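Look over the structure first, then read the points below.

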Amino acid sequence: MTDVLQVEHLSISFGGLKALDDLSFTVGDSEIFGLIGPNGAGKTTVFNCITQFYRPDAGAVWFAPGADRLARAGHHGTDKVDLVGVPVHRVIKHGLVRTFQNVEIIPELSLIDNVLIGGHIDFKASMLAQMFRLPSSRREEAALREKARGALAFLSIDHLADEPAGGQPYGVRKRLEMARTLMAEPRLIILDEPAAGLNESETEGLAETIRRVRDEYGCSILLVEHDMGLVMNVCDRICAISFGKFLAEGTPTQIQRDPKVHEAYLGERDDV
Amino acid sequence: MELLQPLLRSLETGSVYALAALGIILVWRTSRVMHFAQGSMGMFSGTAVAFVFDRTGAPLWASVLVGAVVAILLGFAVDFAVIRRLRRATAVGKEIVTLGLIMVFLGLAPIVFGTDPLLLPKAIPTGDLTLGNANLSYNGLLNILLGVVIAAVLFVVLQKTKIGLAIRATASNESTARLMGIPTKTVTLLAWATAGVLGMLAAVMIAPTTTVTPTFMNTVQVTALFACVLGGFQTFYGPVLGAYLIAIASNFLKLSVSSVWGDQILYLLILVFLLVRPNGLVGKTYLKKV
Amino acid sequence: MSNASAMAVRVARHPHVRFLVFGAVLMTLPALASSGIMMTSTLSTLGFTLIYAIVAMGLNLLLGYSGLISLGTAGFMGLGAYLAAYVQDDLGLGFWVAVLAALIVPTFIGLLVGVVSLRVRSIYLAIATLTISEILLKTFEQAEWFTRGTAGKQSSYPVVLGIQTDRSSMFFIIVVALVLVMMLTHNIVHGQLGRALHAMRSSEVAAQAMGVNVLTYKLFAFAVATMYAGLAGALYLFFLKSSYPSTWNLFLSLNVVAMVVVGGLRSIYGTVAGAFVIFAVPELILKELPVIGDTPGLPYIFSGVLIVVVIMFFPQGLRGLTDLLRGLVTRRPSAAASEQAPEEVAAR
Ligand SMILES: Nc1ncnc2c1ncn2[C@@H]1O[C@H](COP(=O)(O)OP(=O)(O)OP(=O)(O)O)[C@@H](O)[C@H]1O
Ligand SMILES: [Mg+2]
């Protein structure tokens, strides 16, 4: 089994604060991998370092984009690339796409237009062709619109396709953000607290959705989540961190039994 | 080339820019608003000074006091009636509002003070100080001292006093400061009033070199903004440093390169400088939290 | 039969067709003027209003869709005007080359400024463009070979497609330009370009994560805005047949900001309406008012207060007003649909 993502010795500090300290973990092919840790442990920072919003002070982020993507990008004789230093907006071209902890959608646009943003890199027509609506650009738009409808349907929100995203309830907006990631035909989807703000039945649905995405899109999923029920239910493997440092890694059962994890969460929450 | 003379001159104009820039940075740090109307508000209260001086025959210091009251009231009014109510507007929205304020004050000035250009004399009409080959008028010395002393006093207030601490706390994080019980509303109100007074002083200092018309603060406005860009928006002293540097560079460029295009060349140089140091001379690079 | 009529309805509903109809209506104005129903000076005012609508359309793309402020509008517009005069009258190269020069040169300069300032922080664009505008203004005053300095550059109505134009035919040309600009703007904002701009303004991080190169798109919006300004400058020159440096000052740039804000961010017709309110209303109505009519500075206060009041209380601008009216007349069916959405989701 090949690994999709290898995070190696990642470190970053903000001023005096060492937010990540020599952190390493690996996400396998078609794996659902959980990253857990108390508030402020540095989980979102890991995501930001992987997707190049932050540039780590040290360490590497090896990513295996798949043979066809590698060939297209002109990488030969290797099956993985180090994402560190790749411009933020190029990361998605490798097949790595993410959601945000505070749901970043575009409220003024309809749901389908929001999803189309996720297909941005597939718009190949030149700016001029788009400005003058040349046939090539119109065909492309129509095809991607179809694809976007498919992504909305996958998350059962296609009936809202033409509604503005701003007025939608939280659950819909979270699903919309997920739908947007599907446009990129991802190898790895990174989800930052997908269950936050969802009610119990919505969370159950989410577990189901995450598995379906993995199965039908054949991608891996890396997720941060505080809802331990969800994490333990859906993840194949879990990595626990605290204060930016590696604590433990293993299957949900192993993590649940790990004394270090208990210690880190002690007083924080007792549902581990 | 004689160096001392242009240097002294630069310090004089530098003080004007420094005071205006201090106003902009105070407002920026406390209200997160780019105060495009700093020059226009200074123009308005500066014109008030010239108007009172011209019409009532009051002494200059008394006219300046009246101007300060006008400036403070304007600062209060703008923050209280407009800026404070823009909590929900975007940063761009707030910027646009200060652009609108430029027009409001530009339109108000001739209505309130008439359309005849006014004159304002120097605070110290005559007298020169000789320093080697160079001359410095007493008035020039006063201007330099005003700039340096006011900046210094402000820094001391910011560093050593309770209100200074409140301002710095508001500057670094408004919502945290509010949670800690700091009256952030009072802080911004004070910042706007102080900015107003600083703008008025800049206007009074520059006025004797020109006539008091609605556009007489335009150069000061642009230069003060550039001083902030050059010095960086993250510290209070950066813009002051930027202001003096710009004044010096401008004077030397005018003397040695082009008397007509000196300032223009300087502006372009500063823009190019931004490519090298995007956050200005003393600005730290900061990482936007995602 | 019903197929054909459905087709006809589709065509009529197409936004481009509406722009054409809008243009056709505007084209009747010169006839009103020549038949004496409307004063010729009013026609001139309306012509300038449409020219300002073109500039404002560009700024709306920049401000409304990408959340960036440019204070260089007047400078770029002035540059377009002087270039048009220089190419047509001094070089004798004719109307089309003049327009082309007015489109290309300001855009190029604008791009340079944008590349420098936008890498840093969005707000620096405002300061950088403010400066470039000041530099251009100074150039207009000083470069006498190019602009005749403060004495002003004189020009003449151009020959277009072999026809000598006059005030009415220039008005037609302005309308054609405006309609083209409206169509182009519509295409931009309703395609992926517009979505990317939207994404960038609303959440820069999300846009980047989705592969939008933020710098490219900011530059794109700024380039289009500058190009529209250059075009409007050329049209201004040909309509007025002269240009003076004092026209191209900061307050023109601020007025264009006011047009965008008052008309409503992200609204094409709103921008035209905004240009009318900010430029034509002071000219046609305020000046005629008794007592306050000739107060100095009245148009400035009018624009300034409108900017502040609109941002504070009516962030949607005039567009919000029409939405409100439409809402009173018809109840949108989609509103009902979205009210149901929460239950459906919860039931799942
Ligand atoms: N751009 C930044 N500048 C300064 N400090 C930062 C920045 N980003 C993150 N931090 C700090 O790094 C630490 C880790 O933050 P991070 O957001 O990664 O935590 P987290 O594990 O995602 O927490 P939560 O569960 O609350 O989302 C925190 O102390 C945070 O304040
Ligand atoms: Mg987090």
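**Cysteines and the domain interface**

The count of disulfides over all chains is zero. A:Cys239 takes part in no disulfide, and the nearest cysteine sulfur, that of A:Cys235, lies 11 Å away. The model is predicted.

**Cysteine burial**
- A:Cys239 has 0% relative accessibility and therefore counts as buried, the cut-off being under 20%.
- B:Cys228 is buried too, with a relative accessible area of 0%.

**Domains of chain A**
- Domain 1 of chain A is assigned residues 1–92 + 217–272, and domain 2 of chain A residues 96–185.
- Their C-alpha centres are 26 Å apart.
- To the contact, domain 1 of chain A brings 12 residues and domain 2 of chain A brings 11 residues.

**Buried area**
- The two domains of chain A bury about 1100 Å² between them.
- Carbon and sulfur atoms account for 63% of that area.
- On the domain 1 side, A:Arg69, A:Ile92 and A:Tyr217 lose the most area to domain 2 of chain A.
- Together these three residues make up 54% of what the domain 1 side buries.

**Contacts across the interface**
- Zero salt bridges are found between domain 1 of chain A and domain 2 of chain A.
- Five residue pairs are in polar contact across this interface, both residues at pLDDT 80 or more.
- Helix 1 (residues 43–50) of chain A gives the most to the domain 1 side that touches domain 2 of chain A, with four residues.

How values were computed. Residues are numbered from 1 along each chain as its sequence is written. Chains are lettered from A and ligands numbered from 1 in the order in which they are written. This is a predicted model: local features need pLDDT of at least 70, side-chain atom pairs count only at pLDDT 80 or more; totals for chains, interfaces and linings use all residues. Side-chain values use heavy atoms; hydrogens and water are left out. A disulfide is a pair of cysteine sulfur atoms within 2.5 Å. Buried means under 20% relative accessible area, exposed over 50%, partly exposed in between (1.4 Å probe, protein chains only). Domain bounds come from an automatic or database domain assignment. Contact means heavy atoms within 4.5 Å. Buried area is the accessible area (1.4 Å probe) that two parts lose on being put together, summed over both. A salt bridge is a side-chain nitrogen of Lys or Arg within 4 Å of a carboxyl oxygen of Asp or Glu. A polar contact is a pair of N or O atoms within 3.5 Å; within protein, one must be able to donate a hydrogen and the other to accept it, and residues adjacent in sequence count only if both atoms are side-chain atoms. Helices (H or I, at least four residues) and strands (E, at least two) are DSSP runs, numbered from the N terminus.
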